[in-house]
Amino acid sequence: MGRLEEKLADRAVRTMEKYITQFSKTKERIAKRGRKLVDYDSARHHLEAVQNAKKKDEAKTAKAEEEFNKAQTVFEDLNQELLEELPILYNSHVGCYVTIFQNISNLRDVFY
């Protein structure tokens with residue numbers, strides 16, 4: 001019975017644990033995206049404030065535009081990566097579950 005439990009842990013539990021570890025990395029990237037969105041919005045509001053100021057300062061405007069463009073690029077790059085990766089991650093659950101259930105079924109057959 002000990003050998004069967006070992007095989008079950010190896011073929012099912014560890015497979016599920018490996019699958020689940022992907023989610024912590026993805027959650028971190030989603031949180032990072034949220035922080036970059038805040039930076040992007042802040043840069044946009046700062047740029048608007050500088051552009052709408054009564055006293056125009058070309059140096060401040062240029063710097064605000066540069067910061068806005070940088071924040072926009074960082075956010076949009078990270079956002080695009082997540083838009084491409086999240087559907088793949090979501091769809092991978094089918095393959096993981098199929099593998100686990102097949103392994104459990106095969107081990108059940110061996111047991112009986």
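Reader: Where do E48 and R44 lie, and how many residues apart are they?

Author: Keeping in mind that this is a predicted model, E48 and R44 are both found in helix α1, four residues apart, which is about one turn of the helix. Their side chains form a salt bridge, in which the closest N and O atoms are 3.6 Å apart.

Reader: And which other residue does R44 form a salt bridge with?

Author: R44 also forms a salt bridge with D41, where the closest N and O atoms are 3.3 Å apart. Because R44 and D41 are three residues apart in helix α1, about one helical turn separates them.

Reader: Is D41 buried, partly exposed or exposed?

Author: D41 counts as partly exposed, since its relative accessibility is 27%, and R44 is likewise partly exposed, with a relative accessible area of 29%.

Reader: OK, what about R29, which residue does its side chain meet in a salt bridge?

Author: The side chain of R29 meets that of E85 in a salt bridge, at 2.5 Å from N to O. This pair links distant parts of the chain, with R29 in helix α1 (residues 2–51) and E85 in helix α2, 56 residues apart.

Reader: Changing topic, which residues make the nonpolar surface patch?

Author: The patch, of about 370 Å², is made by L8, Y97, F101 and I104. Helix α2 (residues 58–111) gives the most to the nonpolar patch, contributing three residues.

Reader: Where is Y97, then?

Author: Y97 has its place in helix α2, and Y97 is partly exposed, with a relative accessible area of 34%.

Methods: Residues are numbered from 1 along each chain as its sequence is written. This is a predicted model: local features need pLDDT of at least 70, side-chain atom pairs count only at pLDDT 80 or more; totals for chains, interfaces and linings use all residues. Side-chain values use heavy atoms; hydrogens and water are left out. Patches are made of residues with over 30% relative accessible area and no salt bridge: like charges are joined within 9 Å, nonpolar side chains (Val, Leu, Ile, Met, Phe, Trp, Tyr) within 5 Å. Accessible areas come from the Shrake-Rupley method with a 1.4 Å probe; for residues, only the protein chains shown count as cover. A salt bridge is a side-chain nitrogen of Lys or Arg within 4 Å of a carboxyl oxygen of Asp or Glu. Helices (H or I, at least four residues) and strands (E, at least two) are DSSP runs, numbered from the N terminus. Buried means under 20% relative accessible area, exposed over 50%, partly exposed in between (1.4 Å probe, protein chains only).
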